[in-house]
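I opened my notebook for a first walk through this structure. Come along and look things up with me.

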Amino acid sequence: MLIVMKPSASEADVARVCEWIRERGYTPQPMPGAQRTAIGLVGNDRRIDGASLEDMPGVAEVIYVSSPYKQVSREWKPETTMVTIAPGVVFGGHEVPVIAGPCSVENEVQIMAAARAVQAAGAVALRGGAFKPRSSPYSFQGLGRQGLELLALAKRETGLAIVTEAMDDEGAHLVAEYADCLQIGARNMQNYSLLKTVGKIGKPVLLKRGMAATIQDLLLSAEYILAEGNTQVILCERGLRSFDSASRNLFDLTAIPIVQQLSHLPIVADPSHGTGRRDRVLPMARAAIAAGADGVIIEVHPEPTKAMSDGAQSQTPDQFAETMRQLRRVADAIGRSISGSSA
Ligand code: PEP
Ligand code: MN
């Protein structure tokens, strides 16, 4: 339930409504906006009498949020949420940030070469997994803490923001010491304990859509994070399992406008996992920007053929530089711009 106050409502009016809610055993969430304040109330709405709220001074209207996710919905918050992961790296605004880097952090030479290359091309954040959720237990699992130390080094040297994955509750606290944004991978989208943990940690989260998750599943997973008080969530479309083996995944571009209609959270696209092959990343990255994505995340490796994970879909530094050039033109064509990129 959302109680929308009149633009003329006083602080005392807002306080009175909050007190009324508290007396009934709920926690009010006042959300001051540019025009008016709204007060959110999550829980069992049936015990709340909306009509008596509507009669209180300063109340404009009472909205029953109809979707199963509440705080994530556009009904709850009409304006798009801007998620700032580092100074100047903002998702959800006019500018479109690009996150790039290898699938996994492998060693110092590799991550530093990747960081310098993506920065030179205009990326504003570095990706790279230190904890890797691999389909096989015998595949490279990531360098763990050492990988995080290497990301910290890359950040010190380049100033790039760091986006890296947390796979479990304990790891999330460790990753949060290094990351500007914690990635929750497709395989963990419905790890509700992990979602609550990153909700409590409070740092920005990049939540990837599960490979067989509906858009509603994705939004309900995001709701777990917001329900803990963390509104800094960036959603990510990364492709779905399909019947067609012609591509690794079916990259669901439609999810971008659908999510933007249903939710105020920004959504970025991952054309690397979405396609699985480096020659398909550029056209689908262009398409993602054209479809209105609030960011893209692209795998780039200094020597993709030697990559310890996802080499086939990793762009070379030259391919990534060309991708950035083209993405600037597409962004320009739709009246947006790629963040911080002048290269
Ligand atoms: C990744 O970003 O390298 C990754 C493992 O992605 P996903 O969780 O989308 O498979
Ligand atoms: Mn990967």
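**Helices side by side.** I began with helix α5, residues 169-176, and saw that α5 packs against α6 at an angle of about 30°, their axes 9 Å apart. That angle makes α5 roughly parallel to α6, since anything under 35 degrees counts that way. I also noted the hand of the crossing: α5 and α6 cross in a right-handed way. A reminder to myself: this is a predicted model.

**On to the next pair.** How do α6 and α7 pack? I found an angle of about 40° for them, with 7 Å between the axes. That makes α6 oblique to α7. The crossing of α6 and α7 is right-handed.

Next I looked for aromatic pairs, and a search of the whole structure gave one. The partners are Tyr-192 and Tyr-224, with 4.5 Å from centre to centre and 25° between the planes, and the pair is stacked. I checked the label against the cut-off: planes under 30 degrees apart count as stacked. Which parts does the pair tie together? I placed Tyr-192 in helix α6 (residues 192-201) and Tyr-224 in helix α7 (residues 215-227), so the pair links parts that are 32 residues apart in sequence.

Tyr-192 has 31% relative accessibility and counts as partly exposed. Tyr-224, at 30%, counts as partly exposed too.

**A charge over a ring.** I turned to Trp-20 and asked what lies over its face. I found Arg-24 there, at 3.7 Å from the ring centre.

Where does Asp-310 lie? I traced Asp-310 to the loop between β15 (296-299) and α11 (317-333).

**Stepping back.** Last, I looked up how the chain is divided. Domain 1 covers 2-63, and domain 2 covers 83-338. Taken over C-alpha atoms, the centres of domain 1 and domain 2 are 37 Å apart.

**To keep in mind.** If you revisit one spot with me, let it be the α6 and α7 packing, with its axes 7 Å apart, and the stacked pair of Tyr-192 and Tyr-224.

Definitions and conventions
Residues are numbered from 1 along each chain as its sequence is written. Chains are lettered from A and ligands numbered from 1 in the order in which they are written. This is a predicted model: local features need pLDDT of at least 70, side-chain atom pairs count only at pLDDT 80 or more; totals for chains, interfaces and linings use all residues. Side-chain values use heavy atoms; hydrogens and water are left out. Domain bounds come from an automatic or database domain assignment. Rings of Phe, Tyr and Trp (its six-membered ring) pair if their centres lie within 6.5 Å; planes under 30 degrees apart count as stacked, over 60 as edge-to-face and the rest as tilted. Helices (H or I, at least four residues) and strands (E, at least two) are DSSP runs, numbered from the N terminus. Buried means under 20% relative accessible area, exposed over 50%, partly exposed in between (1.4 Å probe, protein chains only). A charge sits over a ring if NZ of Lys or CZ of Arg is within 6 Å of the ring centre and within 35 degrees of the ring normal. Axes are lines fitted to C-alpha atoms, for helices over the stretch in contact, and angles run from 0 to 180 degrees between N-to-C directions. Angles under 35 degrees count as roughly parallel, over 145 as roughly antiparallel, 65 to 115 as roughly perpendicular and the rest as oblique. A crossing is left-handed if the near helix is turned anticlockwise from the far one by less than a right angle, and right-handed if clockwise.
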